[in-house]
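Dear colleague,

I am passing on the structure we spoke of, and I would be glad if you could look through it alongside the notes below.

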Amino acid sequence: MSDVAKTIEAVWKIESTRLIAAIARVTRDIGIAEELAQDALVTALELWPREGIPENPGAWLMTAAKRRAIDSLRRGRMLLQKHEEIARELEFQQQQLADALEHSLDQVIDDDILRLIFTACHPILPMEGRIALTLRLIGGLATTEIARAFLVPEKTLGQRISRAKKTLSEAHVPFETPSGDELRRRVESVLLVVYLIFNEGYTATSGDEWMRSTLADDALRLGRMLAQLLPGESEVHALLALMELQASRSAARRGKNGEAVLLPDQDRSLWDYAQIQRGMTALEQAQRLGGGAKPYALQAAIAACHMRARTAEETDWDRVVLLYDALLQINPSPIVALNRAVAVGMVQGPAAGLDALDAAATLAGDSALAGYHLFPSVRGDLLMKMGRLSEAREEIQRAIAMTKNLREQELLANKLKQIEKAALSA
Amino acid sequence: MRFMMILIPEGYESAAPDAVPSAEAAAKMMEYNMSLQKAGVLLACDGLLPPSAGARISYSDGKATVMDGPFAEAKEVIGGYWIIQARSREEAIEWFKRAPIANNDIIEVRQFFEMPD
């Protein structure tokens with residue numbers, strides 16, 4: 001890619017969200033807004049390599065988008081066909097709308113970006129559609145980049161995005177910030193989308209990449225944006241805290257040969273203490289807002305227990321168990337119960353951990369989670385500690401068969417070697 | 001990827017220990033910092049007092065010598081720094097180009113050393 005093309009790409013990543021948000025305030029349709037913003041980008045790609053990059057590229061794109069939008073409105077073609085509501089407004093006061101657009105684009109306000117986020121994460125969309133739209137419209141990622149990150153063909157991803165836009169448009173989803181109970185529900189959806197993006201980056205579900213850190217970084221960036229846009233929502237700060245605290249361990253999560261290193265075995269000097277500090281500050285903010293007992297805050301508080309300990313042995317496991325108890329009360333999920341079982345094993349010994357794990361497995365029942373590799377993996381670990389080596393071996397072998405992640409398979413294979421070694425010396 | 005923007009203000013090498021930026025410059029800087037924060041890219045930023053309020057420590061034969069500022073030989077000194085998260089060097093430079101710096105000030109952009117993926 002040429003230098004100019006790279007610069008244009010960078011400018012787009014910085015400016016596209018504000019651009020789309022401002023246009024959407026007038027068009028009320030994020031699909032149309034994105035098309036207009038894209039038109040401006042195409043114009044830039046044509047002109048900038050010839051004429052040089054303008055002094056203020058953001059303002060230039062805004063002006064270009066504005067011109068395109070007003071042209072379209074005047075001709076009434078594109079928008080008339082695509083959006084009834086706009087069409088009606090157009091019929092009776094087209095000029096005023098053009099003026100509104102002119103005015104709107106002069107000043108992007110935070111609310112526009114917030115509306116864009118709420119719309120992209122609308123519960124009417126399937127989760128994969130929400131994720132793709134959010135990364136595209138708010139993360140500034142190209143379709144190719146999102147496709148690569150999620151290991152799906154570009155065409156599939158493109159269809160996912162256009163289907164999502166179509167759904168929003170057909171359902172006449174209003175471009176607005178919800179209020180009251182609806183706000184709570186919609187914030188939850190936004191946070192879930194961001195956390196899923198983070199997790200996809202932090203632990204890839206398949207393939208040989210243990211981490212796709214750029215996705216995790218994108219999620220962190222979204223989290224920080226949200227903390228600015230919704231400063232009064234405690235769970236927004238709590239999710240940010242959780243992500244910062246987890247990501248602070250990134251450098252320690254891989255060994256010299258790229259193998260996975262689990263929390264107890266990590267070299268804690270490799271943790272990013274500036275990032276831990278950011279996470280702790282965000283957690284304190286969530287607690288100050290009175291949200292200390294909410295799900296993300298509890299998870300962040302658990303992560304904080306780990307980060308505060310200088311060695312794995314110094315971890316305040318009693319507190320970890322208490323926090324998991326609280327989390328389990330509001331979110332009785334098998335995964336939470338599984339993690340609690342690990343903590344119980346640390347506090348009360350492997351036998352108690354095994355009992356707690358049985359309870360977790362009961363909770364999982366026949367759900368998809370029953371096939372989650374961490375169940376046999378943790379069980380194998382506890383059994384090994386109890387000296388029940390042949391059972392431990394079986395569990396770890398089951399776990400290996402259940403995960404597609406090559407790094408995790410390696411990790412489990414190592415565990416298997418440890419068991420064999422213990423069996424030999426027994 | 002993380003990048004540091006190092007601000008090298010003109011004449012800062014000889015600024016008085018209690019030198020403060022003008023209210024107007026400070027307001028512009030606040031606005032700029034806010035734009036980085038709102039975009040979710042800002043990780044840290046700080047301003048530094050002039051060298052006349054600082055010190056230099058040098059070693060020879062394992063022995064430390066402390067010298068109080070200002071430092072006569074210094075030409076370009078750091079006035080402050082920003083740390084941001086960006087997806088590329090180009091993106092970092094685009095962000096930093098927007099900083100409201102005065103004529104003849106210099107901004108140096110440096111990438112953080114990170115473990116390769």
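What follows covers the contact between the two chains and then one residue of chain A.

Please bear in mind that this is a predicted model. Where the chains meet, 15 residues of chain B are in contact with 17 residues of chain A. On the chain B side, helices α1 (23–38) and α2 (89–97) each supply at least two of the residues that touch chain A, and α2(B) gives the most, with four residues.

From α1(A), the residues Lys6(A), Thr7(A), Glu9(A), Ala10(A), Val11(A), Lys13(A) and Ile14(A) meet Glu90(B), Glu91(B), Glu94(B) and Trp95(B) of α2(B). The residues of this helix contact divide into six charged, four nonpolar and one polar.

Gly345(A) counts as buried because 24 other C-beta atoms lie within 10 Å, where 20 or more are required. Leaving aside residues up to four places away in sequence, Gly345(A) touches Pro350(A), Ala352(A), Gly353(A) and Leu382(A). The C-alpha atoms of Gly345(A) and Lys385(A) are separated by 9.8 Å, although the two residues are 40 residues apart along the chain.

With best wishes

Definitions and conventions:
Residues are numbered from 1 along each chain as its sequence is written. Chains are lettered from A and ligands numbered from 1 in the order in which they are written. This is a predicted model: local features need pLDDT of at least 70, side-chain atom pairs count only at pLDDT 80 or more; totals for chains, interfaces and linings use all residues. A residue is buried if 20 or more other C-beta atoms lie within 10 Å of its own, exposed if 12 or fewer, and partly exposed in between; C-beta atoms are placed from the backbone. Two residues are in contact if their C-beta atoms, placed from the backbone, lie within 7 Å. Ala, Val, Leu, Ile, Met, Phe, Trp, Tyr, Cys and Pro count as nonpolar, Asp, Glu, Lys and Arg as charged, and the others, Gly among them, as polar.
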